[in-house]
Every structure is written in structure tokens, then in C-alpha cells.
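Here is a short briefing on one protein model. Look at the sequence and the structure first, then read the points below.

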Amino acid sequence: MLAESDGTIAVAESLTGGMVAAELTAVPGASRSFRGSVTAYATELKHSLLGVDAELLAAHGAVNPQVAAEMAAGVREALGADWGIATTGVAGPDPQDGQPVGTVFVAVAGPECGKTARLRLNGSRAEIRRESVRTVLELLLSELRENARRQDTEQNGGI
């Protein structure tokens with residue numbers, strides 16, 4: 001869908017450690033749409049590279065829905081993409097920022113929209129990471145479809 005609309009994507013990852021970018025670039029022709037990614041595993045990099053509010057990070061830690069939203073918007077801006085997606089959360093083995101293992105936030109930031117989802121996942125570290133990748137890509141697809149519907153409606157006079 002991105003290639004068909006000449007859209008571009010950038011990825012900000014934490015707990016998934018590059019898995020989202022790997023999944024996107026596994027598709028032949030991905031270079032038409034994929035701008036790049038930032039794996040900001042360390043909390044301070046979420047601020048310095050992606051522009052996540054330092055006070056937000058200090059007050060709530062990295063496992064937070066607003067952090068995910070700011071990561072998606074920040075990578076979109078930093079890498080000059082139409083769309084930004086992000087993952088942040090706790091894959092284990094230990095809780096983080098007062099959040100239990102399996103707490104994940106994924107986000108999408110687009111030209112005229114943004115969406116964040118909270119996940120409460122069970123399973124091994126690997127399973128939590130895989131499900132986080134699947135879910136953020138599903139969220140992106142949903143937002144791309146919604147954006148295409150909005151554009152069709154606008155082009156057809158709001159009908």
C-alpha cells in the first residue's frame with residue numbers, strides 16, 4: 001500500500017530491537033518506501049534521537065503510550081517519512097518502569113492521524129517481541145486503509 005501511494009515509512013523500535021525494520025525490508029521492493037529505522041533501546045536515546053519529551057520519560061519511564069506516540073512522530077520527522085511507527089514495552093525477563101512483562105505500546109503517526117495501542121501479552125520474550133511486530137504492522141495497515149478511505153471521500157466531494 002505504501003509503494004502504491006508513493007508513501008514512505010520510518011520505524012522507531014525499543015523492545016523489538018530492529019525486528020519491525022527487518023520484517024518491512026524482507027519484502028521485495030521495500031526500498032521504494034522504507035526510509036530507515038532507529039533502534040532506541042536506551043531510554044536517553046528516545047529523547048536525544050527521537051525527540052521524546054525528557055520530562056515524560058523521567059516521570060513515567062519509556063513504557064508509556066505517550067512515549068510510543070512521540071517515538072512514532074519523532075522518527076517520522078527525523079527520517080523525513082510520511083508515516084512513522086514505534087514499539088516500546090517490556091519483553092522480559094524482568095518488569096521495567098513499574099510495568100509488568102508483556103506490557104507493550106505500539107504507535108503509528110501519519111500525515112493527518114496518529115494511533116496508539118496498548119498490548120498485554122503473555123508468553124516468552126521471543127513471543128512477546130514477535131506479537132509486538134505483528135501488531136504494529138497491523139495497526140499501520142489499518143491506518144493506511146483509513147487514510148486511503150479519507151482521501152477517496154475527499155476526492156469524491158465528501159460522498
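Is arginine 150 buried, partly exposed or exposed? Arginine 150 is partly exposed, with a relative accessible area of 24%. Buried means under 20% relative accessible area, exposed over 50%, and partly exposed in between (1.4 Å probe, protein chains only).

This is a predicted model: local features need pLDDT of at least 70, side-chain atom pairs count only at pLDDT 80 or more, and totals for chains, interfaces and linings use all residues. Residues are numbered from 1 along each chain as its sequence is written, and side-chain values use heavy atoms, leaving out hydrogens and water.

**Salt bridges**

- The whole structure holds six salt bridges. Each is a side-chain nitrogen of Lys or Arg within 4 Å of a carboxyl oxygen of Asp or Glu.
- Glutamate 146 pairs with arginine 150, with the closest N and O atoms 3.8 Å apart. Both lie in helix H5, four residues apart, about one turn of the helix.
- Salt bridges that share partners also join Glu131, Arg134 and Glu138 into one network.
- Glutamate 146 forms a salt bridge with arginine 149 too, at 3.1 Å between the closest N and O atoms. Glutamate 146 is partly exposed at 31%, and arginine 149 is partly exposed at 48%.
- Aspartate 6 bridges to arginine 32, with the closest N and O atoms 3.4 Å apart. Aspartate 6 lies before S1 and arginine 32 in the loop between H1 and strand S2 (34-39), so the pair ties together parts 26 residues apart in sequence.
- Aspartate 6 is exposed at 63%, and arginine 32 is exposed at 55%.

**Nonpolar cores**

- The largest nonpolar core has 23 residues. Such a core is a set of buried Ala, Val, Leu, Ile, Met, Phe, Trp, Tyr and Cys residues joined through side-chain atoms within 4.5 Å.
- Helix H5 (125-155) is one of the elements that each supply at least two residues of this core. H5 gives the most, with six residues.
- A second, separate core of 21 residues includes Leu57, Ala81, Val90 and Phe105.

**Helix H4**

- H4 covers residues 65-79 and has 15 residues. Helices (H or I, at least four residues) and strands (E, at least two) are DSSP runs, numbered from the N terminus.
- Among the buried residues of H4 are Val67, Met71 and Val75.
- Asparagine 64 caps the N-terminal end of H4, with a side-chain oxygen 2.8 Å from the backbone nitrogen of glutamine 66.
- Glycine 80 follows H4, and its phi is positive, near 65 degrees.

Key. The expected span of a helix is 1.5 Å times one less than its number of residues. A polar contact is a pair of N or O atoms within 3.5 Å; within protein, one must be able to donate a hydrogen and the other to accept it, and residues adjacent in sequence count only if both atoms are side-chain atoms.
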